[in-house]
Amino acid sequence: MALADSVRDAGHALGILCDRNAEQRKQLEEVRAGAAPEAVAAAEQRSSELEAEVTRLKSEAVIADQRTSAQEAEVLRLRSEAKAAEEEKEGLQGLLRVTQTEARLARNEVVTLTQKLDGALAETKGASEALAAERDQRLEKDKEIIEDYKQSSGF
């Protein structure tokens, strides 16, 4: 009898579980049926929000692309300016080298001219001293000539 009671109790419990399962299935169907329009509305709302987000992101992408194009153009402009500056620098460096060479040649010429000037000054000084000596001797010679003339002419 214990086995029959156990089978009866299990059957009864199984019946209760079947009833509960059926009730839960019914509630699930009701939730599904009732929730479907709300879920659809929520999905549609979310879809609209996502479409708005996509539109906003596309607009931001266009702006970013325009900024990128502007920056690329600026990079090209700056590269062109840098190349022109580099060419100008090279030209100026060449001019500097030429000017330095000319300055070195001018310094050498100044040294040469200074040496010639020093030589000319030395010659002038020597000539001046010789002239002064000649002048000093000239007075003596003139006196001698006059004395000789006076003696020879009888004065």
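This is a predicted model: local features need pLDDT of at least 70, side-chain atom pairs count only at pLDDT 80 or more; totals for chains, interfaces and linings use all residues.
Author: Six salt bridges are found when the whole structure is searched.

Reader: How many helices and strands does the protein chain have?

Author: The protein chain has one helix and zero strands. Helix H1 covers residues 2-153.

Reader: What percentage of the residues of the protein chain count as buried?

Author: The general idea is a threshold: a residue is buried when its relative accessible area is under 20%. In this case, 0% of the 155 residues of the protein chain count as buried. The protein chain exposes about 13700 Å², of which carbon and sulfur atoms supply 59%.

Reader: Which residue meets glutamate 53 in a salt bridge, and at what N to O distance?

Author: The criterion is a side-chain nitrogen of Lys or Arg within 4 Å of a carboxyl oxygen of Asp or Glu. Here, the side chain of glutamate 53 meets that of arginine 56, with an N to O distance of 2.4 Å.

Reader: How are glutamate 53 and arginine 56 placed in helix H1?

Author: Glutamate 53 and arginine 56 are separated by about one helical turn, because they stand three residues apart in helix H1. A network of salt bridges links Glu53, Arg56 and Glu60.

Reader: Which residue forms a salt bridge with glutamate 86?

Author: Glutamate 86 pairs with lysine 89, at 3.5 Å from N to O. Both residues belong to helix H1 and lie three residues apart, about one turn of the helix. Glutamate 86 has a relative accessible area of 36% and is therefore partly exposed; lysine 89, with 38%, counts as partly exposed too.

Reader: How many residues apart are arginine 138 and aspartate 142?

Author: Arginine 138 and aspartate 142 are four residues apart in helix H1, about one turn of the helix. Their side chains form a salt bridge with an N to O distance of 3.5 Å. Arginine 138 is partly exposed at 39%, and aspartate 142 is partly exposed at 29%.

Reader: With which side chain does the side chain of arginine 77 make a polar contact?

Author: The side chain of arginine 77 makes a polar contact of 2.4 Å with the side chain of glutamate 74. Arginine 77 is located in helix H1, and its relative accessibility of 38% places it among the partly exposed residues.

Reader: Which residues form the negative surface patch?

Author: A residue qualifies for a patch when its relative accessible area is over 30% and it has no salt bridge; like charges are then joined within 9 Å. In this structure, Glu140, Glu144, Glu147 and Asp148 form a negative surface patch. Glutamate 147 is part of helix H1, and it is partly exposed because its relative accessible area is 41%.

Terms used: Residues are numbered from 1 along each chain as its sequence is written. Side-chain values use heavy atoms; hydrogens and water are left out. Patches are made of residues with over 30% relative accessible area and no salt bridge: like charges are joined within 9 Å, nonpolar side chains (Val, Leu, Ile, Met, Phe, Trp, Tyr) within 5 Å. Accessible areas come from the Shrake-Rupley method with a 1.4 Å probe; for residues, only the protein chains shown count as cover. Lys and Arg count as positive and Asp and Glu as negative; His and the chain ends are not counted. The place of a charge is taken as NZ of Lys, CZ of Arg, CG of Asp or CD of Glu. Helices (H or I, at least four residues) and strands (E, at least two) are DSSP runs, numbered from the N terminus. Buried means under 20% relative accessible area, exposed over 50%, partly exposed in between (1.4 Å probe, protein chains only). A polar contact is a pair of N or O atoms within 3.5 Å; within protein, one must be able to donate a hydrogen and the other to accept it, and residues adjacent in sequence count only if both atoms are side-chain atoms.
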